[in-house]
Amino acid sequence: MLLLGRVITFCGDPAEAVYLEGDRIADVGSQNDLCARYPGARRLQFEQITPGLHEAHAHPQLWGLQLDSLDLEGLTEPLAVAQRVAERAQGLPPGSWIRGAGYLFKAYPDRSLLDRAAPLHPVFLQSRDRHSAWVNTRALEQAGIGRETPDPPGGVLVRDGAGEPTGYLLENAQKLVQRVLPPPGLVELERGLQDLARRGYTAVHHMGWCHYGLAERLAATGRLPVWLWWALDKDHWRETRPGWRGDRLEIAAVKFFADGALGSRTAWMVEPYPDGSHGLVLDPPELIESEGRAALQAGFGLAVHAIGTRAVREVLGVFHRLAPHARRVLRMEHVQHVQDEDLPRFRGLPLALSLQPMHLLGDAELVRHHLRGQERQAFRLRDLWSTGLPLAFGSDAPVMKPLFALNLQAATQHPLDPAQSLTPLEVLWAHTRGAALAAGWAEQGQICPGAPADLTLWEGGRPVGRVFGGVLEVS
Ligand SMILES: [Zn+2]
């Protein structure tokens with residue numbers, strides 16, 4: 001197969017044509033040369049041909065679950081949400097759950113609207129930031145929530161004047177209902193991965209929340225629609241071993257959480273938030289270091305979530321101490337807020353930085369609000385690029401939609417500091433070659449003879465298809 005178009009190779013100059021043989025790239029060069037060399041080949045023309053896109057930080061199973069849920073993004077009125085619920089209820093057998101997420105309300109509605117919309121179905125809807133939920137009476141009943149139910153630690157059941165839960169749940173109170181929801185399984189994982197494949201991705205870096213056994217089952221069927229790089233939850237790594245399962249799944253790393261997130265003010269900061277708090281320590285640095293050392297010795301890599309300035313500083317310290325033991329690349333996930341004095345400490349580490357610039361599109365306001373005066377420390381894309389470490393871009397789906405265009409927009413037009421913007425080509429590199437390096441897959445993310453034939457095909461600036469394992473898939 002001979003593909004013609006602007007070819008971004010990321011190893012040497014751009015080209016005009018790429019020739020594939022089986023599941024490998026066989027030749028790259030000018031259109032004239034390759035057409036002359038392979039006169040009998042099937043020819044296809046695209047605007048642009050790039051190495052296969054990586055989604056470098058995602059939760060594909062939760063994304064698969066979300067694809068089957070109501071998308072309530074952009075809705076700000078409870079009535080509009082209730083209408084969507086009523087429509088969904090039409091086609092569903094009574095008793096089955098209706099889920100959804102994405103709304104943003106100014107006040108907490110009670111359950112009456114949802115009861116009218118879906119009297120026969122339990123309903124569980126989450127706000128855009130997933131920190132609160134709106135449910136109906138059926139859902140409260142199934143969860144056994146009543147007037148006598150106390151607020152759980154870290155959560156609030158919003159109540160009416162008589163002390164009766166209204167059907168609005170804050171933070172950990174959501175778990176009272178979540179634990180009776182049917183858990184996502186293999187179907188959701190496969191649905192999430194297939195959706196990413198349809199969007200032109202050829203590789204996905206999975207970041208916990210889903211048991212590796214499901215991925216192993218999928219790998220065993222030979223049905224994996226992407227290369228799958230897998231980070232285990234820290235509670236599971238001692239049960240298994242690192243390495244490949246089948247051709248396309250690598251159990252590669254262990255995931256830790258140094259802190260929380262900015263939206264809920266749980267990102268661990270050096271400077272306090274306006275209310276005087278500093279955020280939350282989730283896995284303490286000592287634990288990341290001791291467990292991380294053991295995991296490295298067992299042959300795993302590490303992927304450590306660090307969002308706040310203090311979390312980034314502490315994890316850098318841990319990585320400096322662990323670097324001599326690392327047989328594969330270490331990863332820091334998110335790296336959202338970095339103080340000046342920590343920037344030089346990135347250099348020279350066997351480290352890749354996994355970022356989701358698209359969070360900026362929602363978080364820029366949060367940064368201005370929660371971190372007044374510290375805006376300059378947020379999403380330092382140019383500064384991090386300048387460390388010389390590979391950047392790897394993803395979406396954190398389902399938190400954001402896995403759209404290349406969102407990372408492109410946020411990273412090339414930085415809403416907080418234009419000087420921190422990257423070029424479109426740099427964004428593409430971080431979604432392909434940089435991500436491949438972050439996965440430790442040195443062959444991938446480039447178009448050169450001998451590399452795997454995994455390509456993303458573009459028209460009008462967006463992915464319209466891919467070549468995966470040498471097989472053409474155009475939507
Ligand atoms: Zn995540």
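Colleague: What makes the largest set of 113 residues a nonpolar core?

Modeller: In this predicted model, a nonpolar core is a set of buried residues such as Val, Leu and Trp, joined through C-beta atoms within 7 Å. The largest such core has 113 residues, and those with the most contacts inside it are V18, W230, L302, V315 and L353. Strand β15 (residues 249-257) gives the most to this core, namely seven residues, and at least three residues come from each of domain 1 (1-52 + 446-475) and domain 3 (186-444).

Colleague: How do you know that the radius of gyration agrees with that of a compact globule?

Modeller: For 475 residues, a compact globule would have a radius of gyration near 23 Å, and the chain has 23 Å, so the value agrees with the rule. Along its principal axes, the C-alpha trace spans about 80 × 55 × 45 Å, and the centres of domain 1 and domain 2, taken over C-alpha atoms, are separated by 51 Å.

Colleague: What makes F404 in helix α13 a buried residue?

Modeller: A residue is buried if 20 or more other C-beta atoms lie within 10 Å of its own. In helix α13 (residues 404-412), F404 counts as buried, as do N407, L408, A410 and A411. The cover over the buried residues of α13 includes β5 (53-58), α11 (359-370), α12 (381-385), β19 (391-393), α14 (424-431) and β21 (462-468). Over the whole chain, 47% of the 475 residues count as buried.

Colleague: Why are β3 and β22 said to stand at the edges of their sheet?

Modeller: The sheet is open and has seven strands in the order β3-β2-β1-β4-β20-β21-β22, with mixed pairing. Both β3 (24-29) and β22 (471-474) have a single partner strand, so one side of each is left without a neighbour in the sheet. From one strand to the next, the twist averages 40°.

Colleague: How do you know that β4 and β20 are paired strands?

Modeller: Two strands pair if there are at least two bridges between them, and four bridges join β4 (residues 43-51) to β20 (residues 455-459), which run antiparallel.

Terms used. Residues numbered from 1 in each chain as written. Predicted model: local features only at pLDDT ≥ 70, side-chain atom pairs only at ≥ 80, totals over all residues. Buried ≥ 20, exposed ≤ 12 C-beta atoms within 10 Å, placed from the backbone. Helix = DSSP H or I, 4+ residues; strand = E, 2+ residues; numbered from the N terminus. Contact = placed C-beta atoms within 7 Å. Axes fitted to C-alpha atoms, helices over the stretch in contact; angles between N-to-C directions. Rg over C-alpha atoms; globule rule 2.2 N^0.38 Å. Domains from an automatic or database assignment.
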